[in-house]
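This briefing looks at pairs of oppositely charged side chains. Please look at the model below before reading on.

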Amino acid sequence: MAAITTATAEKSIHYPESDGKPMAETDVHIDALIYLRETLKAYFTTEPRVYVAGNMLLYYEEGNPAACVAPDVFVVRGVTKQERHTYKIWAEEQPPTVVFEITSRGTRLEDLGTKRALYAELGVQEYFLYDPLGEYLRPPLQGFRLADGEYERIASERELVLVSEALGLELRLENGRLRVVHPETRELLLTPAEAYVARRVAEARADQEAVQRMVAEARAAQEAVQRQAAEARVLQEAVQRQAAESRAAHAEAELVRLRAEMKQLREEK
């Protein structure tokens, strides 16, 4: 549904930018939140009207600052990427398209009850719950899609895999960690930091392979030089043998000549 509005003048109302609550409960929750936010921002960076935010206060009733919620991560199609301090549905004229909640035992009642009902009422097309510690949710990744104003469970095509039709992406658990995958290329989507590390690793591997090629080429060149030297030695030895054979043949011929001369001298006497 559309955002709830009242007749209260917008300019006289203060909408806080923080509710004073911590961003997440554990490092695991924070890492999952940051991964989703940064990965989705990077993936949609070339689409000018897709906005991604995380842990931002979302106000859904004009004139009522108490009517707010802070989704862990949400994606909105149809609005600009400009930086925001809060997200007001009546000002944007567009509710979130997809919402992710990194849930826990402490937030499970709100995530499965109050928030789920609210997101359905606001018209959020898809709602995903992820329990990174596996404290209560079975399976730990669950998704819901809006149909006739109510959420229906998204069926898993494969074990621990859900498809977000609204985002055109695949959500997968790998060793218990939530990962986003491009369904066509099967490539794992990385945050900018992960992509940087991956590039550095690839560059280091390429440098190592280049060094190994250079070493192999140097070894091959050395072996070629050694073969050439061995061939030169064999040739030199052959030349020496031919020279020795030539000298021996010459000496034998000279001996034969001398014997003939001596025989002739004896005969003349």
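**Salt bridges in a predicted model**

The model is predicted. Side chains of opposite charge can pair when their charged atoms come close.

**Arg37 and Glu38**
- Arg37 pairs with Glu38 in a salt bridge, and their closest N and O atoms are 2.5 Å apart.
- Arg37 is partly exposed, because its relative accessibility is 26%.
- Glu38 also has a value in the partly exposed range, at 23% relative accessibility.

**Arg84 and Glu92**
- A salt bridge links the side chains of Arg84 and Glu92, with an N to O distance of 2.6 Å.
- Arg84 counts as buried, because its relative accessibility is 12%, and buried means under 20%.
- Glu92 has 22% relative accessibility and therefore counts as partly exposed.

**Glu254 and Arg257 in helix α4**
- The side chains of Glu254 and Arg257 form a salt bridge, at 2.2 Å from N to O.
- Both residues lie in helix α4, which covers residues 192-268.
- Glu254 and Arg257 are three residues apart in this helix, so about one helical turn separates them.
- Glu254 is partly exposed, with a relative accessible area of 28%.
- Arg257 is partly exposed as well, at 37% relative accessibility.

**A network**
- Glu170, Arg172, Glu174 and Arg186 belong to one network, joined by salt bridges that share partners.

Definitions and conventions: Residues are numbered from 1 along each chain as its sequence is written. This is a predicted model: local features need pLDDT of at least 70, side-chain atom pairs count only at pLDDT 80 or more; totals for chains, interfaces and linings use all residues. Side-chain values use heavy atoms; hydrogens and water are left out. A salt bridge is a side-chain nitrogen of Lys or Arg within 4 Å of a carboxyl oxygen of Asp or Glu. Buried means under 20% relative accessible area, exposed over 50%, partly exposed in between (1.4 Å probe, protein chains only). Helices (H or I, at least four residues) and strands (E, at least two) are DSSP runs, numbered from the N terminus.
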